[in-house]
Amino acid sequence: KLIWDILADADEGSEAPQPTPEPSQTVKDTEDKTKDAHQPDAEGDGEKPSPNEAATTPAAAANGVDAASVCKDPKAALGTTDPSLGSWVGSARANNADLEVPSEGTMRRFLRGHRQDVDVAAERLRKYLEWRSSCSYGLDTPVRDICAETPGVQGQIATGKCYILKNRDKMGRPIIVVHVNRHDPAAQSRDELTRFGVHILEMSERMIEPNEDPEKQKLCIIFDLEAVAMHNIDYHAAKRIIYMLTYFYPERMGISLLLSSPVIFSVAWPVIRPWLHPATQKKIEFVKPAQLPDFIPPHALPKRWGGTDETDYFT
């Protein structure tokens with residue numbers, strides 16, 4: 001009861017916030033969250049075949065397509081399937097020229113993130129492309145055009161609450177740093193914060209080479225929890241970011257390091273943790289600054305945490 005009383009004061013309600021329906025997103029959230037067989041997590045659902053592993057899903061087998069062929073040449077293999085990623089993209093763009101043509105790497109990620117199930121991957125890819133072409137979050141331009149000049153993004157950058165390190169972790173993954181104690185939930189709208197989140201994710205994706213090893217195509221995210229207070233905890237923002245990573249950026253979460261977690265975070269974590277897929281929960285590590293070198297080489301680690309990177313990321 002005490003925990004929920006605290007959360008009531010912090011979040012204006014005694015229940016964990018429900019996800020805000022994303023614009024142009026027709027997924028029924030409560031349905032998807034309960035279907036473990038088809039629900040991806042932020043880095044895949046942990047039971048997928050490797051790209052070179054021969055495995056056939058029922059949906060693909062019914063159309064004479066095996067997952068190994070799909071991973072080897074998705075555009076050709078999926079073009080023979082109905083419904084499929086390849087055929088859907090062609091027909092969808094004929095009706096909506098604003099939709100992008102997804103890269104082979106994007107198609108592979110959606111397949112890996114959905115256990116090589118062609119039908120589910122095609123549906124998720126459709127929603128992803130529609131989302132990117134939509135004018136959402138208070139914008140009159142497509143989501144795919146969000147950049148540093150997008151209204152509100154520069155203001156968020158100036159807070160120093162989140163940025164991308166110039167070097168990679170020991171696995172070769174881009175590193176995103178989030179200083180939670182620099183976040184004030186009341187200082188911006190949810191849409192403004194979402195635009196900033198999309199900008200950071202898009203910028204981190206630009207650091208990834210299309211033909212890199214799948215593990216190097218994922219992200220390392222450090223949540224710096226030092227000096228965090230309850231007024232810094234933003235449940236609505238947390239749930240929206242989890243939603244975007246799950247449905248719009250599958251196979252991107254590599255590891256999440258929760259750094260210098262204070263006692264107060266033990267109140268928030270039991271609320272946030274159930275929103276994450278079990279496979280994603282396994283990618284989360286609670287660490288102290290002295291443990292960061294286990295994940296990040298000295299040249300990539302900011303000096304404040306014992307590394308040699310003297311870059312001023314706050315300006």
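Helices (H or I, at least four residues) and strands (E, at least two) are DSSP runs, numbered from the N terminus. In this predicted model, local features need pLDDT of at least 70, side-chain atom pairs count only at pLDDT 80 or more, and totals for chains, interfaces and linings use all residues. Residues are numbered from 1 along each chain as its sequence is written, and side-chain values use heavy atoms, with hydrogens and water left out. The protein chain has 13 helices and five strands.

**Chain overview**
- Take the contacts (heavy atoms within 4.5 Å) with a separation of 6 or more: 73% of them join residues 24 or more positions apart.
- The accessible surface (Shrake-Rupley method, 1.4 Å probe) is about 14500 Å². Carbon and sulfur atoms hold 52% of that surface.

**Nonpolar cores**
- A nonpolar core is a set of buried Ala, Val, Leu, Ile, Met, Phe, Trp, Tyr and Cys residues joined through side-chain atoms within 4.5 Å.
- The largest nonpolar core has 49 residues. W131, I176, Y235 and F248 have the most contacts inside it.
- Another core, of 17 residues, lies apart from the largest one. V177, V287, F295 and I296 are among its members.
- Beyond its neighbours within four places in sequence, I176 is in contact with C162, Y163, I164, I200, L201, S204, L219, C220, I221 and I222.

**Largest cavity**
- The structure holds three cavities of 30 Å³ or more. On a 1 Å grid over the protein atoms alone, a cavity is a set of points where a 1.4 Å probe fits but cannot get out.
- The largest cavity contains about 910 Å³ of space. Such a volume is the space filled by probe spheres set on the points, which are joined across faces, edges and corners.
- Its lining (residues with an atom within 4 Å of a point) has 43 residues, and V178, F223, A237, A238 and I241 are the closest to its centre.
- β2 (174-179), α10 (190-205), β3 (219-224), α11 (235-247), β4 (253-259) and α12 (265-272) each supply at least two lining residues. α11 gives the most, with eight.
- By class, 27 lining residues are nonpolar (Ala, Val, Leu, Ile, Met, Phe, Trp, Tyr, Cys and Pro), five are charged (Asp, Glu, Lys and Arg) and 11 are polar (the others, Gly among them).

**Largest pocket**
- A pocket is an open set of points with protein on both sides within 12 Å along at least five of seven lines.
- The largest pocket has a volume of about 360 Å³.
- Of its 18 lining residues, S103, T106, R109, E205 and R252 lie nearest its centre.
- α7 (104-113), α8 (118-133) and α10 give two or more residues each to this lining.
- The lining has eight charged, six nonpolar and four polar residues.

Note on methods: Buried means under 20% relative accessible area, exposed over 50%, partly exposed in between (1.4 Å probe, protein chains only).
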